[in-house]
Amino acid sequence: MKFGIIKERKSPPDRRVVFTPEKLVAFKQNYPEALIKAESSDIRIFEDAEYIAAGIEVNSDMTDCDVLMGVKEVPMEALIPNKKYFFFSHTIKKQPYNQKLLQTILDKNIELYDHETIVDANNRRLIGFGRYAGNVGAYNTMRAFGVKYDLFNLPKAETLPDRNALISKLGRLSLPNLKIVLTGTGKVGMGAKEMLDGMKMKEVSVEDYFNKTYDEPVYTHIGVMDYNKRKDGEVKGKSDFYNNPTEYVSDFERFANVSDIFIAGHFFGNNSPDILTREMLVSKDNKIKVVGDVSCDVDGPVACTLRASTIAEPIYGYHPSEHKEVDVHHPAAIAVMAVDNLPCELPRDASIGFAEMFLENVIPAFFNNDKDGILERAKITEGGKLTERFKYLKGYVEER
C-alpha cells in the first residue's frame with residue numbers, strides 16, 4: 001500500500017501537514033512494507049528538502065498512491081478518482097458550501113475519511129488540532145486585551161516560531177488584577193489553560209473567584225455544570241445535561257458580572273442553551289470587555305461572535321446595545337477575537353502533534369485489519385455511496 005502526503009491547495013494557504021518528515025521515518029520503521037511519498041509543495045511548513053533528507057520520495061505525481069492524506073478540503077478538480085482520501089471535508093454537518101465537494105467525491109468513487117470522524121468505540125475523537133487552537137486562542141485573547149486598552153502590543157502569533165515563544169511573550173507582560181473565565185475541558189480548553197499556566201497566572205476555584213479580590217490577574221476554569229442550570233432548579237450531574245440539554249438555561253451571567261475577559265474553549269452541543277447572551281452583554285452589571293471565542297460558533301452560544309475573524313485581522317469591536325460590529329476602540333465596544341483557523345498560526349507545532357496522533361491512532365488500522373474499527377467508523381463514502389453511519393447525509397448529496 002502506498003501512502004501520499006498531498007500539497008495543500010485551499011486559499012488562503014495552510015502550512016500545516018498531516019505527517020512531518022520525522023514521523024514518516026517512524027512510520028517506515030514501524031511498517032517496512034508501506035511505501036510513502038510526499039507531494040512537492042512550496043507552502044508547507046516542512047520544506048521538500050526536509051522530506052528528501054529524511055529519505056522520503058518527493059514528487060508532483062501522486063496518481064500511484066492508494067491513500068492520500070491532507071489537512072484542508074481538496075479542490076474538486078484536484079481529486080484523483082478511485083483513491084482513499086483523509087482530510088477535513090467540512091461536510092458532516094451538511095455545510096452548504098461543501099455540498100458539491102461531497103457530491104464530486106461520490107461521483108469519483110473516492111473513499112473519504114474525515115479527520116473529524118476518526119473516533120474510538122466511545123465516539124471520542126482521536127486526532128485533531130484542538131490543543132493548538134487553544135494555545136493560539138489564549139495568546140490572541142491576551143493580545144486583544146492589550147490592543148483594546150493600548151497597554152501593550154504583542155506580536156502576532158504567526159510571526160513566532162512555536163508555542164514556547166508565545167508563552168515567553170505572555171510571561172513578560174505586566175497585567176492589572178484581571179479576572180479571566182475559561183470554558184471547556186476538552187483539547188481546546190486545556191490548550192488555552194496551558195498558556196495561562198505557562199505564563200504563571202494564578203488559577204482559583206469558582207468559589208474564590210466570586211468571593212475574593214486579588215492584587216494579581218487570576219483565572220477560573222469552568223465546566224458545563226458551572227455555567228448551566230436546570231430550569232426546575234434541581235441539581236443533577238453532567239450526564240443529565242448531555243441527555244436533556246433543553247431542560248437547562250445558561251448560568252453564565254454570574255461570571256459575566258465579575259469577569260474582565262472570557263476565553264471560550266467549550267464544545268457546544270446541539271440544543272444546548274446559549275452561554276453568553278445579548279441580555280447579559282447589555283446588562284449594566286456586565287463587566288466583560290474582551291472575548292476570545294476560540295470555539296468560534298458564529299451566531300451561536302456567544303452572542304458577540306457576529307462573524308469569524310481572520311489571522312490578518314483577528315480582532316473586531318462589538319457594540320452590545322446595538323448588536324453590531326464597531327471599531328474595537330469605541331468606548332462601548334467589547335473586543336472580540338474569533339479566528340476560526342487558529343492552529344494555522346502554529347503550523348510546525350500543530351503538525352508535529354497531529355502527526356504523533358495520526359501515527360499512533362490511525363496508521364495501525366491499515367496493518368491490523370482495522371481490528372478496532374477505526375477506519376470503518378471514519379469512512380463516509382465507499383463505492384460511490386454513503387456508508388451506513390453517514391446515511392443521514394443522503395438528502396444533502398442528492399440535492400443538485
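A residue counts as buried under 20% relative accessible area, as exposed over 50%, and as partly exposed in between. Arg254 has a relative accessibility of 32%, and is therefore partly exposed. The structure discussed here is a predicted model.

Arg254 is joined to Asp251 by a salt bridge, in which the closest N and O atoms are 3.1 Å apart. Asp251 has a relative accessible area of 17% and is therefore buried. Elsewhere, salt bridges with shared partners connect Lys2, Lys37, Glu57 and Asp64 in one network.

## Further salt bridges

Across the whole structure, the search identifies 32 salt bridges. One of them pairs Lys84 with Glu111, with 3.0 Å between the closest N and O atoms. This pair connects distant parts of the chain, 27 residues apart: Lys84 belongs to strand E5 (residues 84-87), and Glu111 belongs to strand E6 (residues 111-114). Lys84 is partly exposed, at a relative accessible area of 22%, whereas Glu111 is buried, at 14%.

A salt bridge also forms between the side chains of Lys212 and Asp208, with an N to O distance of 3.7 Å. Lys212 has a relative accessible area of 42% and is partly exposed. Asp208, with a relative accessibility of 24%, likewise counts as partly exposed.

## Packing of helices H4 and H6

Helix H4 spans residues 130-148 and helix H6 spans residues 187-198. The two helices pack with their axes 6 Å apart and at an angle of about 45°. Angles under 35 degrees count as roughly parallel, those over 145 as roughly antiparallel, those from 65 to 115 as roughly perpendicular, and the rest as oblique. H4 and H6 are therefore oblique to each other. The crossing of H4 past H6 is right-handed.

On the H4 side, the contact involves Gly130, Arg131, Gly134, Asn135 and Ala138. On the H6 side, it involves Lys187, Val188, Gly191, Ala192, Glu194 and Met195. Classified by residue type, the contact of H4 with H6 comprises four nonpolar, four polar and three charged residues.

Note on methods. Residues are numbered from 1 along each chain as its sequence is written. This is a predicted model: local features need pLDDT of at least 70, side-chain atom pairs count only at pLDDT 80 or more; totals for chains, interfaces and linings use all residues. Side-chain values use heavy atoms; hydrogens and water are left out. Axes are lines fitted to C-alpha atoms, for helices over the stretch in contact, and angles run from 0 to 180 degrees between N-to-C directions. Helices (H or I, at least four residues) and strands (E, at least two) are DSSP runs, numbered from the N terminus. A crossing is left-handed if the near helix is turned anticlockwise from the far one by less than a right angle, and right-handed if clockwise. Contact means heavy atoms within 4.5 Å. Ala, Val, Leu, Ile, Met, Phe, Trp, Tyr, Cys and Pro count as nonpolar, Asp, Glu, Lys and Arg as charged, and the others, Gly among them, as polar. A salt bridge is a side-chain nitrogen of Lys or Arg within 4 Å of a carboxyl oxygen of Asp or Glu. Buried means under 20% relative accessible area, exposed over 50%, partly exposed in between (1.4 Å probe, protein chains only).
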